[in-house]
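Here is a friendly walk through one protein model, written for someone who would like to follow along on the screen. Please keep the viewer open as you read.

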Amino acid sequence: MERMTTTLIVLAATMGNRYGGLKKLESIGPNGETVLDYSIYDAVRVGFNKIVFVISRFFEEEFKVHIASRYESLVEISFVYQEVDLVPVEKRNPKRSLLWGSAQALLMGEGVVNDCFAVINAVNFYQRESFDLLYNKLRQLDATRPEYVMISYRLANVIPESGSANRGICEVDENGLLLSVTDRPGVERISGHPMYLDELNKLVQLPEDAYVSMNMWGFTPAVYRNIRKDFDAFIEQNGQDLKASFTIPDFINGMIKQGEGIVRTYETSAIWMGVVSPDDKIQTILKINELIRKGVYPMKLFE
(Lines give C-alpha, C1' and ligand atoms only; values in the text may rest on other atoms or scores of the structure.)
Protein backbone atom coordinates (compact mmCIF):
# COMPACT_ATOMS: atom_id res chain seq x y z
CA MET A 1 0.00 0.00 0.00
CA GLU A 2 1.40 3.40 -1.01
CA ARG A 3 2.18 5.65 1.91
CA MET A 4 0.21 8.89 2.11
CA THR A 5 2.29 12.01 1.51
CA THR A 6 2.09 14.56 4.30
CA THR A 7 3.81 17.79 3.27
CA LEU A 8 5.44 20.50 5.37
CA ILE A 9 6.07 23.83 3.65
CA VAL A 10 8.95 25.77 5.21
CA LEU A 11 9.00 29.52 4.58
CA ALA A 12 12.67 30.39 4.13
CA ALA A 13 12.85 33.01 1.35
CA THR A 14 13.56 35.85 3.79
CA MET A 15 16.64 34.09 5.19
CA GLY A 16 18.69 35.84 2.51
CA ASN A 17 18.51 38.69 0.04
CA ARG A 18 19.83 39.60 -3.36
CA TYR A 19 22.63 41.70 -1.90
CA GLY A 20 24.02 39.70 1.01
CA GLY A 21 23.26 36.07 0.29
CA LEU A 22 22.06 33.65 2.91
CA LYS A 23 21.88 34.90 6.48
CA LYS A 24 23.84 32.69 8.84
CA LEU A 25 21.67 30.41 10.93
CA GLU A 26 22.80 30.40 14.55
CA SER A 27 24.26 27.12 15.82
CA ILE A 28 22.48 25.95 18.97
CA GLY A 29 23.22 22.22 19.01
CA PRO A 30 26.42 20.46 20.15
CA ASN A 31 27.40 19.66 16.55
CA GLY A 32 26.42 22.97 14.96
CA GLU A 33 22.71 22.15 14.59
CA THR A 34 20.39 25.08 13.91
CA VAL A 35 16.76 25.84 14.75
CA LEU A 36 15.78 24.66 11.26
CA ASP A 37 17.64 21.37 11.77
CA TYR A 38 15.63 20.61 14.90
CA SER A 39 12.36 21.56 13.17
CA ILE A 40 13.00 19.20 10.26
CA TYR A 41 14.07 16.43 12.65
CA ASP A 42 10.89 16.87 14.73
CA ALA A 43 8.63 17.06 11.68
CA VAL A 44 9.99 13.85 10.20
CA ARG A 45 9.82 12.03 13.54
CA VAL A 46 6.08 12.74 13.91
CA GLY A 47 5.22 11.67 10.35
CA PHE A 48 5.83 14.40 7.76
CA ASN A 49 7.46 12.75 4.74
CA LYS A 50 7.85 15.61 2.27
CA ILE A 51 9.46 19.00 2.89
CA VAL A 52 8.94 21.91 0.49
CA PHE A 53 11.30 24.84 1.01
CA VAL A 54 10.16 28.25 -0.22
CA ILE A 55 13.42 30.02 -1.02
CA SER A 56 14.83 32.77 -3.24
CA ARG A 57 16.88 32.04 -6.34
CA PHE A 58 19.41 34.62 -5.10
CA PHE A 59 20.70 32.10 -2.55
CA GLU A 60 19.42 28.86 -4.10
CA GLU A 61 22.78 27.14 -4.52
CA GLU A 62 24.04 28.15 -1.08
CA PHE A 63 20.83 26.94 0.57
CA LYS A 64 20.86 23.60 -1.23
CA VAL A 65 24.54 22.91 -0.51
CA HIS A 66 24.83 24.12 3.08
CA ILE A 67 21.34 23.50 4.50
CA ALA A 68 19.00 21.25 2.53
CA SER A 69 21.70 18.67 1.75
CA ARG A 70 21.60 17.60 5.40
CA TYR A 71 18.07 16.26 4.99
CA GLU A 72 18.25 14.58 1.57
CA SER A 73 18.70 11.08 2.99
CA LEU A 74 16.01 11.66 5.60
CA VAL A 75 13.00 12.90 3.67
CA GLU A 76 11.72 13.87 0.20
CA ILE A 77 12.67 17.49 -0.55
CA SER A 78 11.33 19.98 -3.09
CA PHE A 79 11.97 23.67 -3.73
CA VAL A 80 9.75 26.49 -4.89
CA TYR A 81 10.79 30.11 -5.34
CA GLN A 82 9.45 33.39 -4.01
CA GLU A 83 10.59 36.45 -5.95
CA VAL A 84 9.59 40.09 -6.28
CA ASP A 85 9.48 39.87 -10.07
CA LEU A 86 6.85 37.12 -10.07
CA VAL A 87 4.51 40.10 -10.01
CA PRO A 88 4.42 41.59 -13.56
CA VAL A 89 6.42 44.80 -13.84
CA GLU A 90 3.39 46.75 -15.04
CA LYS A 91 1.70 46.03 -11.68
CA ARG A 92 4.57 46.89 -9.33
CA ASN A 93 7.14 49.52 -8.56
CA PRO A 94 10.24 48.52 -10.58
CA LYS A 95 12.44 49.69 -7.68
CA ARG A 96 10.86 47.20 -5.29
CA SER A 97 13.38 44.76 -3.72
CA LEU A 98 11.47 43.44 -0.70
CA LEU A 99 9.51 40.21 -1.03
CA TRP A 100 5.73 40.52 -0.88
CA GLY A 101 5.15 38.68 2.41
CA SER A 102 4.35 35.24 3.77
CA ALA A 103 1.01 34.98 1.94
CA GLN A 104 2.87 35.13 -1.39
CA ALA A 105 5.29 32.52 -0.04
CA LEU A 106 2.35 30.24 0.78
CA LEU A 107 1.01 30.82 -2.73
CA MET A 108 4.23 29.46 -4.22
CA GLY A 109 3.38 26.00 -2.92
CA GLU A 110 0.20 25.70 -4.96
CA GLY A 111 1.70 23.46 -7.63
CA VAL A 112 3.39 20.98 -5.30
CA VAL A 113 0.60 19.98 -2.88
CA ASN A 114 -2.54 18.00 -3.64
CA ASP A 115 -3.58 17.11 -0.11
CA CYS A 116 -3.60 18.68 3.35
CA PHE A 117 -0.30 20.34 4.26
CA ALA A 118 1.39 22.30 7.03
CA VAL A 119 3.30 25.59 7.02
CA ILE A 120 6.01 26.88 9.37
CA ASN A 121 8.67 29.60 9.47
CA ALA A 122 12.28 28.47 9.05
CA VAL A 123 13.57 30.38 12.06
CA ASN A 124 11.14 29.39 14.83
CA PHE A 125 11.86 26.55 17.26
CA TYR A 126 8.42 24.97 17.62
CA GLN A 127 9.34 21.78 19.58
CA ARG A 128 8.24 18.19 19.04
CA GLU A 129 4.86 18.30 20.77
CA SER A 130 3.72 21.14 18.50
CA PHE A 131 4.59 19.18 15.35
CA ASP A 132 2.86 16.10 16.76
CA LEU A 133 -0.31 18.10 17.45
CA LEU A 134 -0.22 19.75 14.02
CA TYR A 135 0.34 16.44 12.20
CA ASN A 136 -2.59 14.72 13.94
CA LYS A 137 -5.02 17.61 13.40
CA LEU A 138 -3.90 17.94 9.78
CA ARG A 139 -4.82 14.33 9.06
CA GLN A 140 -8.35 14.97 10.31
CA LEU A 141 -9.05 17.73 7.76
CA ASP A 142 -11.30 17.29 4.72
CA ALA A 143 -9.13 18.28 1.75
CA THR A 144 -12.14 19.70 -0.12
CA ARG A 145 -13.25 22.14 2.59
CA PRO A 146 -11.95 25.60 3.57
CA GLU A 147 -11.46 24.55 7.19
CA TYR A 148 -7.95 24.95 8.57
CA VAL A 149 -5.94 24.68 11.79
CA MET A 150 -3.50 26.87 13.70
CA ILE A 151 -1.26 25.79 16.56
CA SER A 152 -1.44 28.48 19.23
CA TYR A 153 1.03 29.29 21.98
CA ARG A 154 0.44 31.21 25.20
CA LEU A 155 2.13 34.62 25.29
CA ALA A 156 3.97 33.82 28.53
CA ASN A 157 5.68 30.95 26.69
CA VAL A 158 6.91 32.93 23.68
CA ILE A 159 8.48 36.10 25.10
CA PRO A 160 12.27 36.39 24.66
CA GLU A 161 14.46 36.14 27.76
CA SER A 162 15.68 39.65 26.96
CA GLY A 163 14.80 42.22 24.33
CA SER A 164 11.62 42.20 22.26
CA ALA A 165 9.95 40.36 19.39
CA ASN A 166 6.90 40.77 17.17
CA ARG A 167 4.01 38.55 18.18
CA GLY A 168 0.70 37.73 16.48
CA ILE A 169 -1.90 38.16 19.24
CA CYS A 170 -5.00 36.08 18.52
CA GLU A 171 -8.66 36.52 19.33
CA VAL A 172 -10.30 33.11 19.77
CA ASP A 173 -13.96 32.35 20.52
CA GLU A 174 -15.33 29.90 23.10
CA ASN A 175 -15.36 27.10 20.52
CA GLY A 176 -11.68 27.51 19.67
CA LEU A 177 -12.34 29.23 16.35
CA LEU A 178 -9.85 31.93 15.37
CA LEU A 179 -11.45 35.37 14.99
CA SER A 180 -8.38 37.46 14.17
CA VAL A 181 -4.61 37.79 14.41
CA THR A 182 -3.14 41.21 15.26
CA ASP A 183 0.59 41.80 14.89
CA ARG A 184 2.03 43.52 17.95
CA PRO A 185 5.60 44.73 17.35
CA GLY A 186 8.22 44.89 20.07
CA VAL A 187 6.54 42.73 22.70
CA GLU A 188 8.78 42.41 25.77
CA ARG A 189 8.66 42.13 29.53
CA ILE A 190 8.73 45.47 31.32
CA SER A 191 8.58 45.37 35.13
CA GLY A 192 7.65 41.72 34.76
CA HIS A 193 4.65 42.27 32.44
CA PRO A 194 4.27 41.62 28.67
CA MET A 195 3.97 45.00 26.95
CA TYR A 196 4.22 46.69 23.56
CA LEU A 197 4.26 50.27 22.27
CA ASP A 198 1.02 51.26 20.52
CA GLU A 199 0.58 53.74 17.63
CA LEU A 200 0.67 56.62 20.11
CA ASN A 201 3.98 55.40 21.53
CA LYS A 202 2.30 54.37 24.78
CA LEU A 203 3.00 51.12 26.60
CA VAL A 204 0.10 48.68 26.56
CA GLN A 205 0.03 45.60 28.76
CA LEU A 206 -0.96 42.24 27.26
CA PRO A 207 -2.38 39.28 29.22
CA GLU A 208 0.06 36.49 30.01
CA ASP A 209 -2.37 33.88 28.72
CA ALA A 210 -3.11 35.58 25.38
CA TYR A 211 -3.13 33.19 22.43
CA VAL A 212 -0.27 33.76 19.99
CA SER A 213 0.26 32.66 16.40
CA MET A 214 3.84 31.64 15.61
CA ASN A 215 2.93 30.94 11.95
CA MET A 216 2.29 27.22 12.43
CA TRP A 217 -0.67 26.37 10.19
CA GLY A 218 -2.45 23.41 8.67
CA PHE A 219 -4.22 24.00 5.34
CA THR A 220 -6.15 22.08 2.74
CA PRO A 221 -5.73 22.71 -1.01
CA ALA A 222 -9.01 24.67 -0.79
CA VAL A 223 -6.98 27.58 0.63
CA TYR A 224 -5.70 28.36 -2.87
CA ARG A 225 -9.21 29.20 -4.09
CA ASN A 226 -9.04 32.41 -2.07
CA ILE A 227 -5.40 33.27 -1.59
CA ARG A 228 -4.74 33.88 -5.29
CA LYS A 229 -7.73 36.22 -5.49
CA ASP A 230 -6.75 38.08 -2.34
CA PHE A 231 -3.09 38.41 -3.34
CA ASP A 232 -4.06 39.78 -6.75
CA ALA A 233 -6.32 42.32 -5.01
CA PHE A 234 -3.45 43.27 -2.69
CA ILE A 235 -1.15 43.89 -5.68
CA GLU A 236 -3.78 46.00 -7.46
CA GLN A 237 -3.95 48.23 -4.40
CA ASN A 238 -0.34 48.16 -3.19
CA GLY A 239 1.82 47.16 -6.15
CA GLN A 240 3.52 50.56 -6.37
CA ASP A 241 4.40 50.57 -2.67
CA LEU A 242 8.04 49.76 -1.90
CA LYS A 243 7.33 48.12 1.46
CA ALA A 244 3.70 46.90 1.63
CA SER A 245 3.47 43.27 2.72
CA PHE A 246 0.70 40.67 2.54
CA THR A 247 1.12 38.13 5.33
CA ILE A 248 -0.63 34.88 6.12
CA PRO A 249 -2.40 36.54 9.10
CA ASP A 250 -3.54 39.34 6.74
CA PHE A 251 -5.02 36.71 4.44
CA ILE A 252 -6.56 34.74 7.31
CA ASN A 253 -8.17 37.87 8.81
CA GLY A 254 -9.72 38.77 5.45
CA MET A 255 -10.89 35.22 4.81
CA ILE A 256 -12.59 34.98 8.21
CA LYS A 257 -14.18 38.43 7.85
CA GLN A 258 -15.56 37.50 4.42
CA GLY A 259 -16.91 34.18 5.71
CA GLU A 260 -14.84 32.20 3.19
CA GLY A 261 -13.25 29.77 5.65
CA ILE A 262 -12.62 28.93 9.30
CA VAL A 263 -9.54 28.21 11.40
CA ARG A 264 -9.65 25.97 14.47
CA THR A 265 -6.98 26.68 17.06
CA TYR A 266 -5.22 24.04 19.12
CA GLU A 267 -3.03 25.02 22.03
CA THR A 268 0.46 23.65 22.52
CA SER A 269 2.17 23.72 25.90
CA ALA A 270 5.56 24.12 24.20
CA ILE A 271 7.82 26.96 25.27
CA TRP A 272 9.37 28.96 22.43
CA MET A 273 13.12 29.01 22.15
CA GLY A 274 14.90 31.59 20.07
CA VAL A 275 18.10 33.41 19.31
CA VAL A 276 16.81 36.98 19.28
CA SER A 277 19.56 38.09 21.66
CA PRO A 278 22.80 36.62 23.09
CA ASP A 279 20.92 35.84 26.31
CA ASP A 280 18.26 33.94 24.33
CA LYS A 281 20.93 31.92 22.56
CA ILE A 282 22.58 30.93 25.83
CA GLN A 283 19.24 29.85 27.32
CA THR A 284 18.35 27.93 24.16
CA ILE A 285 21.66 26.06 24.16
CA LEU A 286 21.12 25.10 27.82
CA LYS A 287 17.59 23.87 27.08
CA ILE A 288 18.77 21.87 24.06
CA ASN A 289 21.44 20.21 26.18
CA GLU A 290 18.79 19.31 28.74
CA LEU A 291 16.54 17.79 26.04
CA ILE A 292 19.50 15.77 24.77
CA ARG A 293 20.19 14.56 28.32
CA LYS A 294 16.54 13.45 28.58
CA GLY A 295 16.77 11.57 25.29
CA VAL A 296 14.39 13.82 23.31
CA TYR A 297 17.16 14.52 20.78
CA PRO A 298 20.33 12.56 19.92
CA MET A 299 23.71 14.18 20.41
CA LYS A 300 24.03 14.43 16.61
CA LEU A 301 20.81 14.85 14.62
CA PHE A 302 21.68 13.59 11.14
CA GLU A 303 24.09 10.71 11.47
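This is a predicted model: local features need pLDDT of at least 70, side-chain atom pairs count only at pLDDT 80 or more; totals for chains, interfaces and linings use all residues.

Residues are numbered from 1 along each chain as its sequence is written, and side-chain values use heavy atoms, with hydrogens and water left out.

**Nonpolar cores**

In soluble globular proteins, nonpolar side chains tend to be buried together. A nonpolar core here is a set of buried Ala, Val, Leu, Ile, Met, Phe, Trp, Tyr and Cys residues joined through side-chain atoms within 4.5 Å. Buried means under 20% relative accessible area, exposed means over 50%, and partly exposed lies in between (1.4 Å probe, protein chains only). The largest such core has 46 residues, and L36, F48, F53 and F63 have the most contacts inside it. Among the elements that each supply at least two of its residues are strand 1 (7–11), helix 1 (35–46), strand 4 (50–55) and strand 12 (211–219). Helices (H or I, at least four residues) and strands (E, at least two) are DSSP runs, numbered from the N terminus. A second, separate core of 38 residues includes L11, V181, I227 and A244.

Which residues does L36 touch, not counting those up to four places away in sequence? They are V10, L25, F53, F63, I67, Y71 and A122, with contact meaning heavy atoms within 4.5 Å.

**Strands 4 and 5**

Strand 4 pairs with strand 5 (residues 76–81) in the parallel sense, over six bridges; two strands pair if DSSP finds at least two bridges between them. I51 has I77 in strand 5 as its bridge partner.

**Salt bridges**

The model holds 14 salt bridges, each defined as a side-chain nitrogen of Lys or Arg within 4 Å of a carboxyl oxygen of Asp or Glu. Three of them are listed here.

| Salt bridge | Closest N to O |
|---|---|
| R57 and E60 | 3.6 Å |
| E147 and R145 | 2.9 Å |

R57, E60 and K64 are linked in a network of salt bridges. K64 and E60 lie four residues apart in helix 2 (residues 60–66), so about one helical turn separates them. In the other listed pair, E147 is partly exposed at 24% and R145 is partly exposed at 41%.

**Aromatic rings**

There are 20 aromatic pairs in the whole structure. Rings of Phe, Tyr and Trp (its six-membered ring) pair if their centres lie within 6.5 Å; planes under 30 degrees apart count as stacked, over 60 as edge-to-face and the rest as tilted. Why does the pair W217 and F219 count as stacked? The ring centres are 6.0 Å apart and the planes are at 20°, so this pair is stacked. W217 and F219 are both buried. Elsewhere, ring pairs join Y38, Y41, F53, F59, F63, Y71, F79, F125, Y297 and F302 into a cluster.

**A look at Q205**

Q205 sits in strand 11 (residues 203–205) and is partly exposed, at 48% relative accessibility. Leaving aside neighbours within four places in sequence, Q205 is in contact with H193, P194 and M195. From Q205 to M273 the C-alpha to C-alpha distance is 22 Å, and the two residues are 68 apart in sequence.
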